[in-house]
Amino acid sequence: MEEVKDILIKENQTFKELAQQHQSYEKRLSELAGLSYPSDEEILEETTLKRKKLVIKDEMYNIMNEYCNSH
C-alpha cells in the first residue's frame, strides 16, 4: 500500500493535498500531546483534530482502493 500511496502523492493532486493535511494534523497533535497542562481549548482542539485526521485517512484509503481496483 505504501507504493500506491507514493504513486498517488505524485499523480493525484487531491490525494497529495489530503496527505499534506493529514501530516499537518499529525504534527499539531504531537505538539498538543507534549503539553504538560493543556488548556480546555487545547483539549478540544486535540479531539477535533483527531476526528478530522480520521476523516482524511478514510478519504485517502478510498482513493487508494479506487486506484488499486482500476489498475
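1. Basis. Residues are numbered from 1 along each chain as its sequence is written, and side-chain values use heavy atoms, with hydrogens and water left out. In this predicted model local features need pLDDT of at least 70 and side-chain atom pairs count only at pLDDT 80 or more, while totals for chains, interfaces and linings use all residues.

2. Helices α1 and α2. Helix α1 (residues 2-11) packs on α2 at an angle of about 110 degrees, the axes being 6 Å apart; axes are lines fitted to C-alpha atoms over the stretch in contact, and angles run from 0 to 180 degrees between N-to-C directions. The pair is therefore roughly perpendicular (65 to 115 degrees). On the α1 side K5, L8, I9 and E11 meet Q13, F15, K16 and A19 of α2, where contact means heavy atoms within 4.5 Å. The residues of this contact comprise four nonpolar, one polar and three charged.

3. Helices α1 and α3. Helix α3 (residues 40-70) packs with α1 at about 100 degrees, with axes 10 Å apart. That makes α1 roughly perpendicular to α3 as well. V4, K5, I7, L8 and E11 in α1 meet M60, I63, M64, Y67 and C68 in α3.

4. Residue H22. H22 lies in helix α2 (residues 13-33); helices are DSSP runs (H or I) of at least four residues. H22 is buried, with a relative accessible area of 18% (buried means under 20%, with a 1.4 Å probe and protein chains only). Apart from neighbours within four places in sequence, H22 is in contact with K53, I56, K57 and M60.

Definitions and conventions: Helix = DSSP H or I, 4+ residues; strand = E, 2+ residues; numbered from the N terminus. Buried < 20%, exposed > 50% of the residue type's maximum accessible area, 1.4 Å probe, protein only. Parallel < 35°, antiparallel > 145°, perpendicular 65-115°, else oblique. Nonpolar A, V, L, I, M, F, W, Y, C, P; charged D, E, K, R; others polar.
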